[in-house]
Amino acid sequence: MRLGINLGYWGLGMDADNIAVAQEADRLGYSVCWAAEAYGSDAATVLSYVAAKTERIDVGSAIFQIPARTPAMTAMTAATLDTLSGGRFRLGLGVSGPQVSEGWYGVKFDKPLARTREYVEIIRKAMSRERLSHEGAHWTLPLPGGPGKPLKLTVHPVREHIPLYIAAIGPKNLEQTGEIADGWLGIFFAPEHAALSLDPLKAGRAKAGQTLEGFDLCPTVAISVGEDVKAAADVQRPYTALYVGGMGSKEKNFYNQLARRMGYEQAADEIQEKYLAKDYAGAAAAVPHDLIDSTALLGTTERIADRMQAYADAGVTTLTLAPAGIANTVEERINTLRVGVEALERAGLA
């Protein structure tokens with residue numbers, strides 16, 4: 001099992017620290033460094049900067065938002081980043097959510113599965129450097145009746161195949177991800193509930209005549225180091241409450257639905273009700289300890305090593321750690337990276 005690091009969103013006041021964290025992860029042998037985007041910093045610019053400041057670690061988008069770019073533009077960006085990084089780029093995609101898609105980008109959040117499938121098809125065509133033509137429900141290239149003609153990507157990426165990941169939570173999206181992607185970007189993944197994600201992924205792989213062999217299962221897992229497990233979990237409460245309670249509307253929150261499928265229906269209701277009422281402290285307090293403990297790495301190096309073993313046993317191939325925002329100083333964040341490596345070695349997974 002390999003380790004990754006997720007820097008989260010850029011522009012939160014710790015950007016210089018993020019570079020130091022990425023460089024230390026590079027030195028320690030981490031496999032990949034991911035960056036995210038929502039409606040602040042874009043991930044492509046951040047990743048180009050991180051790539052310039054590191055030597056070996058892969059850089060990945062977790063995620064590029066599908067409503068933010070045309071598929072051809074995403075192919076151009078991926079090819080450029082792969083070239084600039086010397087073949088170290090991983091392309092992670094996601095549909096975002098209705099609030100961001102419609103409120104920020106002005107793109108209707110409809111038929112996300114069909115849109116994603118078509119988006120990936122166009123990217124694959126463009127990245128293969130064949131002349132690009134496509135007729136679909138969401139995109140037609142070239143536009144009919146006009147001066148457009150099929151064009152071919154002029155950039156030559158370092159690799160013939162750039163790994164493509166999809167962030168997926170719901171069963172149908174997971175199944176499609178298994179069918180059309182090279183890897184999966186997960187969140188709030190608990191080894192004890194692995195079947196919720198892995199069964200639909202396996203079904204999708206089967207549709208493509210494949211198994212999970214060679215498919216990168218890559219969940220992002222929050223990590224908090226300390227002797228007191230409860231205190232370590234409490235640090236994560238605002239993070240979990242934000243996603244389960246406030247990342248989306250009352251009618252459509254994918255993370256809230258995931259918590260329900262994991263058996264936390266009553267808690268999911270309470271967290272969401274309080275968060276949407278702007279009782280953020282109450283929402284955080286309503287997060288069950290077991291939900292945090294099962295979806296994060298908490299406690300001592302030894303305890304974290306045990307949990308890493310559980311993730312590996314569940315089939316995870318790249319475990320991405322998220323120490324951002326947990327520690328107050330860059331030194332503490334870097335120490336968390338070192339604990340991650342030590343725990344991986346202690347578990348015999350390095």
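Modeller: At 0% relative accessibility, Thr320 counts as buried (buried means under 20% relative accessible area, exposed over 50%, and partly exposed in between, with a 1.4 Å probe and protein chains only). The model is a predicted one, in which local features need pLDDT of at least 70 and side-chain atom pairs count only at pLDDT 80 or more, while totals for chains, interfaces and linings use all residues. Residues are numbered from 1 along each chain as its sequence is written, and side-chain values use heavy atoms, with hydrogens and water left out.

Thr320 sits in strand β12, residues 318-322. Strands (E, at least two residues) and helices (H or I, at least four) are DSSP runs, numbered from the N terminus. Apart from neighbours within four places in sequence, Thr320 is in contact with Gly4, Ile5, Asn6, Trp34, Cys218, Pro219, Thr220 and Val221; contact means heavy atoms within 4.5 Å.

Strand β10 spans residues 216-225 and holds Ile223. Ile223 counts as buried, at 0% relative accessibility. The C-alpha atom of Ile223 is separated by 5.8 Å from that of Ala296, although the two residues are 73 residues apart along the chain.

Another buried residue is Phe64, with a relative accessible area of 0%. Phe64 belongs to strand β4. Between the C-alpha atoms of Phe64 and Ala36 there are 7.3 Å in space, against 28 residues in sequence. With neighbours within four places left aside, the contacts of Phe64 include Glu37, Ala43 and Ala44, then Arg69, Thr74, Thr77 and Leu81, and also Phe89, Leu91, Gly92, Leu93 and Gly94.

Next, the backbone. Most residues other than glycine have a negative phi, and most peptide bonds are trans. Ala62 and Ile63 are joined by a cis peptide bond, with omega about 15°. Ile63 lies in the loop between β3 (58-61) and β4 (64-65). A cis peptide bond also joins Leu141 and Pro142, with omega about -10°; Pro142 is in the loop between β7 (140-141) and β8 (164-167). Ser96 is not a glycine, yet its phi is positive, near 65°. Ser96 is in the loop between β5 (89-94) and α4 (98-103), and is partly exposed, with a relative accessible area of 22%. Arg129 likewise has a positive phi near 65° in a residue other than glycine. The loop that holds Arg129 runs between α5 and β6 (134-135), and at 22% relative accessibility Arg129 counts as partly exposed.

That leaves the helices. Two packed helices are described by the angle between their axes and the distance between the axes. Helix α3 (residues 71-84) and helix α5 (residues 112-127) have axes that come within 8 Å and cross at roughly 50°. The axes are lines fitted to C-alpha atoms, for helices over the stretch in contact, and the angles run from 0 to 180 degrees between N-to-C directions. On the α3 side the contact is made by Pro71, Ala72, Thr74, Ala75, Ala78 and Ala79, and on the α5 side by Tyr119, Ile122, Ile123, Ala126 and Met127. By class, this contact of α3 with α5 has 10 nonpolar, one polar and no charged residues. Ala, Val, Leu, Ile, Met, Phe, Trp, Tyr, Cys and Pro count as nonpolar, Asp, Glu, Lys and Arg as charged, and the others, Gly among them, as polar. Thr74 of α3 is also one of the contacts of Phe64.

The axes of α8 and α10 also come within 8 Å, crossing at roughly 90°, and these helices are therefore roughly perpendicular to each other. From α8, Ala241, Leu242, Val244, Gly245 and Gly246 meet Ala268, Ile271, Gln272, Tyr275 and Leu276 of α10. Here the classes are seven nonpolar, three polar and no charged residues.

Helix α9 (residues 254-261) has Tyr255, Asn256, Leu258 and Ala259 buried. These residues are on the same side of α9 because they cover an arc of only 155° around the axis, the arc being that of the directions from the helix axis to the C-beta atoms. The cover over the buried residues of α9 includes β9 (183-187), α8 (229-246) and α10 (265-276).

Terms used: Angles under 35 degrees count as roughly parallel, over 145 as roughly antiparallel, 65 to 115 as roughly perpendicular and the rest as oblique.
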